[in-house]
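Let's walk through this structure together, from its overall layout down to a few individual residues. Keep the viewer open so that you can follow along.

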Amino acid sequence: MLVDLNDGSCPQCGGQLEITGADDASLDAECTDCGEYLHVEPDAFNDGGIKYWPQAMAELGEDW
């Protein structure tokens, strides 16, 4: 799942982030340009944890 560039971008190069994993307390994201790996809180993308985290949990996460 791609993160909208208006919500967040790679801190290293400004590229687009793709969420690659999720659990009950965090999200994993990787930059599609430089490959930078991020392990962040569920609300890291300026969405209050209501957009990306639930969708990532449904698609990629552990059973909850």
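The paragraphs below go from the whole chain to the core, the helix and the loops.

A word on conventions comes first: this is a predicted model, in which local features need pLDDT of at least 70 and side-chain atom pairs count only at pLDDT 80 or more, while totals for chains, interfaces and linings use all residues. Residues are numbered from 1 along each chain as its sequence is written, and side-chain values use heavy atoms, with hydrogens and water left out.

Start with the layout. Read from the N terminus, the order is β-β-β-α. The C-alpha trace spans about 35 × 20 × 15 Å along its principal axes. The radius of gyration of the chain is 11 Å, which agrees with the value near 11 Å that a compact globule of 64 residues would have; the radius is taken over C-alpha atoms, and the globule rule is 2.2 Å times the number of residues to the power 0.38.

How much of the chain is buried? Buried residues make up 39% of the 64 residues, with buried meaning under 20% relative accessible area, exposed over 50%, and partly exposed in between (1.4 Å probe, protein chains only). As for contacts (heavy atoms within 4.5 Å), residues 24 or more positions apart account for 35% of those with a separation of 6 or more.

Now look inside. A nonpolar core is a set of buried Ala, Val, Leu, Ile, Met, Phe, Trp, Tyr and Cys residues joined through side-chain atoms within 4.5 Å. The largest one here holds 16 residues, and those touching the most other members are Val 3, Leu 17, Ile 19, Leu 27, Phe 45, Tyr 52 and Ala 56. At least two core residues come from each of β1 (17-22), β2 (27-31), β3 (37-40) and α1 (52-60). The element that gives the most is α1, with four residues.

Why do the buried residues of α1 lie on the same side? These residues are Tyr 52, Trp 53, Ala 56 and Met 57. They cover an arc of only 125 degrees around the axis, so they share one side of α1; the arc is that of the directions from the helix axis to the C-beta atoms. In general, an α-helix has 3.6 residues a turn, so residues three or four places apart point the same way. The cover over the buried residues of α1 includes β1 and β2, while Ala 58 and Glu 59 are exposed on the other side of α1.

Next, find the loop between β1 and β2, where Ser 26 sits. Ser 26 is buried, because its relative accessible area is 7%. Its side chain makes a polar contact with the side chain of His 39 (3.4 Å). A polar contact is a pair of N or O atoms within 3.5 Å; within protein, one must be able to donate a hydrogen and the other to accept it, and residues adjacent in sequence count only if both atoms are side-chain atoms. Not counting residues up to four places away in sequence, Ser 26 touches His 39, Val 40, Pro 42 and Trp 53. Ala 25 lies in this loop too and, with that exclusion again, touches Val 40, Glu 41 and Pro 42.

Finish at the loop between β3 and α1, which holds Asn 46. Asn 46 has a positive phi of about 55 degrees although it is not a glycine, and it counts as exposed at 63% relative accessibility.
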